Protein chains: 2
Amino acid sequence: MADPAADILAHKLKEHSRLNGEDVTALERLTYHRRLLQPNEDFIRQGDKPDVAALVLSGMVARYHLLNNGGRQYLSFNIKGDLPDAQSLFLDRMDHAVCAVGAVELALMPHKEITRIFERRPAVGFAIWRETLIDAAIFRETITNNSGRATRIRMAHLFCELFYRAHASGLSEGNTCSAPLSQIQLGEALGMAIVTVNRTLQSLRRARLMEFRHGILTVKDWKRLVAAGDFNPDYLHLKREVKV
Amino acid sequence: MADPAADILAHKLKEHSRLNGEDVTALERLTYHRRLLQPNEDFIRQGDKPDVAALVLSGMVARYHLLNNGGRQYLSFNIKGDLPDAQSLFLDRMDHAVCAVGAVELALMPHKEITRIFERRPAVGFAIWRETLIDAAIFRETITNNSGRATRIRMAHLFCELFYRAHASGLSEGNTCSAPLSQIQLGEALGMAIVTVNRTLQSLRRARLMEFRHGILTVKDWKRLVAAGDFNPDYLHLKREVKV
DNA sequence: CGGAATGTTGATATGCCTCAACTAAAGTGG
DNA sequence: CCACTTTAGTTGAGGCATATCAACATTCCG
């Protein structure tokens, strides 16, 4: 019987790539080591040299930079099916850290086993490559979001992305999804002071676009939230249209 | 005789990856079509579906997003040896545009020929994959730079990166390098108003850290510029130490 | 030489950060 | 289980950095 982690991985890669039966079989033969993370626990630190790659099975992880002034800059958030450190397959040292947001379950796969698959099943390699390219596309969008958009638009955009990606991966429940972030963390992701985060959240709530409480995002009016966030999901490069 | 473009490509990939003689031979057998771009000319637009990948032979190209409000957000700048649209090998549609900054010479290589190399020379595929991963690392650093750092640090960091990368590719001349950007473009890269760009440049010049005039960056005091920009080149993932 | 784009300077406005105080919730130990 | 401590969230006031506006200088380019 195949490890359920293999299903999660195969399912995720099929969101954007084509895999045949043998490709999936190769994924099923990988070794998956379980690891549980406490909320806020660091999984990888800047400078580490991992020899395994992680697959998120449940919960949310965050990638971040430490700033010289002691601050923290969140770079992206990853959910079930994501490979937050796939880059470590080809970049020796981590240039950023990865931590758990809320409780997290990971599956760890040895680099050597993964790269060995690439020799016989190039399509698997291309799918994971594509996964890292989508990652990069999300980083680009974040540059634009954090540099070029006003605070309210910026925050709406982040929540659009979080909900859309959760929804596309089947993790939304009705008009809600889990995002166990504090306002402090939102500020460190969006480059805003906490006070501003708080007031911007209130503004979005008063406008009946969305609510965010206790780590639960509730979308009240998707269409207007998308408009308020200048959100266009093309950059996520999903194979199928995702209806919200 | 091999196309000089092949040398440029092989040389670039060797900045971070190991290639053997056969790998280089494979690169030499690629078809390289020349294309010249005028200053400011768009090479690819958002939504395009390229079937060739570009190699920068000379000059500088910029990748950018168009904003809904008509503005422009520059995402990164690429110089000789860079592959600004390598992602198009595996992502159908461009989620951003690429334009020339100053006059540019490109070599275009058919996607099909490149992916055919991957079958026989996986090391070439991994090297180009690594190239796209370094790209992503630079995007991450840009998120941090534009979201988490004050204007003066932010600008110093950008110039550190531009100089360091030019220097690593052998494109610096003494303590200067070419960066044919206008102050308007700097503002659109850093998320600053033009007036602020102008005054921040003056501040860096008065402090005798650097000068930027007529598209020429002159480093007056590298050590202090690095300190002023919180610059640490680890994120560029170069194989060798680069002494400035 | 004239017109457009870019760069420079000064003055003003404002969005957001900082500071501060307080409330609410969550986690801890007796 | 409840006092206690800590962390997260909320509200108000004030100041500063940076955007915006406006005028002018300079360079570029036809």
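Val24(A) counts as partly exposed, because it has 19 C-beta neighbours inside 10 Å; here a residue is buried if 20 or more other C-beta atoms, placed from the backbone, lie within 10 Å of its own, exposed if 12 or fewer do, and partly exposed in between. This is a predicted model, in which local features need pLDDT of at least 70 and side-chain atom pairs count only at pLDDT 80 or more, while totals for chains, interfaces and linings use all residues. Residues are numbered from 1 along each chain as its sequence is written, and chains are lettered from A and ligands numbered from 1 in the order in which they are written.

Val24(A) sits in helix H2, residues 21-28 of chain A; helices (H or I, at least four residues) and strands (E, at least two) are DSSP runs numbered from the N terminus. Leaving out residues up to four places away in sequence, Val24(A) touches Ala10(A) and Leu19(A), where contact means that the two C-beta atoms, placed from the backbone, lie within 7 Å. Between Val24(A) and Gly47(A) there are 32 Å from C-alpha to C-alpha, for a separation of 23 residues in sequence.

From this residue we can turn to the nonpolar core, a set of buried Ala, Val, Leu, Ile, Met, Phe, Trp, Tyr and Cys residues joined through C-beta atoms within 7 Å. The largest such core holds 158 residues, and the members that touch the most others are Leu55(A), Val61(A), Leu55(B) and Val61(B). Beyond its neighbours within four places in sequence, Leu55(B) has contacts that include Ala5(B), Ile8(B), Leu9(B) and Leu83(B), as well as Leu106(B), Ala107(B) and Met109(B).

How the two chains meet is the next step. In chain A, 36 residues are in contact with 36 residues of chain B. On the chain A side, strand E4 (72-78), helix H3 (111-120) and helix H4 (122-148) are the elements that give two or more residues, and H4(A) gives the most, with 17 residues. That side has 14 nonpolar, 14 polar and eight charged residues, where Ala, Val, Leu, Ile, Met, Phe, Trp, Tyr, Cys and Pro count as nonpolar, Asp, Glu, Lys and Arg as charged, and the others, Gly among them, as polar. Since 100% of the interface residues of chain A are also interface residues in chain B, the copies meet through the same surface.

The two DNA strands come next. DNA strand C is surrounded by 15 residues, the closest being Ala193(A), Val195(A), Thr196(A), Ser182(B) and Gln183(B); a residue is near a strand if its C-beta atom, placed from the backbone, lies within 6 Å of it. Two or more residues of this surface come from each of helix H7 (194-206) of chain A, helix H6 (183-190) of chain B and helix H7 (194-206) of chain B, with H7(B) giving the most, five residues. The surface near DNA strand C has eight nonpolar, seven polar and no charged residues.

DNA strand D is likewise surrounded by 15 residues, and the closest are Ser182(A), Gln183(A), Ala193(B), Val195(B) and Thr196(B). Here H7(A) supplies the largest share, five residues, and the classes are eight nonpolar, seven polar and no charged residues.

Finally, chain A has a set of paired strands, where pairing requires that DSSP finds at least two bridges. Strand E6 (residues 176-178) and strand E8 (residues 216-219) of chain A are antiparallel over three bridges, and Cys177(A) has Leu217(A) in E8(A) as its bridge partner. Strand E7 (residues 210-213) of chain A is also antiparallel to E8(A), with four bridges, among them the one that joins Arg213(A) to Ile216(A). The hairpin of E7(A) and E8(A) has two residues between its strands, and His214(A) takes a positive phi near 55° there.
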